[in-house]
Amino acid sequence: MHQRPEASDPTRYNHDAIDHTTALIDEAGYGVDLDLWGPPDGDLISVAANSP
């Protein structure tokens with residue numbers, strides 16, 4: 001899978017939508033990494049994944 005992330009755009013951040021989504025993730029029994037779900041602030045977070 002190829003991905004081209006978009007640049008951070010603070011005008012598109014919807015705090016209510018993020019709260020709703022992270023609450024649903026938590027209710028489903030999964031942990032929520034709030035650093036990954038925070039507002040765009042210019043800080044980069046390193047994320048890596050392996051495909052099967």
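Two residues are in contact when heavy atoms of theirs lie within 4.5 Å. The structure is a predicted model, in which local features need pLDDT of at least 70, side-chain atom pairs count only at pLDDT 80 or more, and totals for chains, interfaces and linings use all residues. Residues are numbered from 1 along each chain as its sequence is written, and side-chain values use heavy atoms, with hydrogens and water left out.

Accessible areas come from the Shrake-Rupley method with a 1.4 Å probe, and for residues only the protein chains shown count as cover. Of the 52 residues in the protein, 4% are buried (under 20% relative accessible area, with exposed over 50% and partly exposed in between).

Helix α1 covers residues 15–27. The N-terminal end of α1 is capped by N14, a side-chain oxygen of which lies 3.1 Å from the backbone nitrogen of D16. After α1 comes G29, with a positive phi near 95 degrees.

Within helix α1 lies T22, which counts as buried because its relative accessibility is 11%. Leaving aside residues up to four places away in sequence, T22 touches V32 and W37.

Y13 is located in the segment before α1 and counts as partly exposed because its relative accessibility is 26%. With residues up to four places away in sequence again left out, Y13 touches I18, W37, G38, P39 and P40. Y13 and P39 are 26 residues apart in sequence, yet their C-alpha atoms are 6.3 Å apart in space.

L36 lies in the segment after α1 and, at 44% relative accessibility, counts as partly exposed. Together with L34 and W37, L36 forms a nonpolar patch on the surface, with about 290 Å² of accessible area in total. Patches are made of residues with over 30% relative accessible area and no salt bridge, with like charges joined within 9 Å and nonpolar side chains (Val, Leu, Ile, Met, Phe, Trp, Tyr) within 5 Å. A salt bridge is a side-chain nitrogen of Lys or Arg within 4 Å of a carboxyl oxygen of Asp or Glu.

How values were computed
Helices (H or I, at least four residues) and strands (E, at least two) are DSSP runs, numbered from the N terminus. Buried means under 20% relative accessible area, exposed over 50%, partly exposed in between (1.4 Å probe, protein chains only). A polar contact is a pair of N or O atoms within 3.5 Å; within protein, one must be able to donate a hydrogen and the other to accept it, and residues adjacent in sequence count only if both atoms are side-chain atoms.
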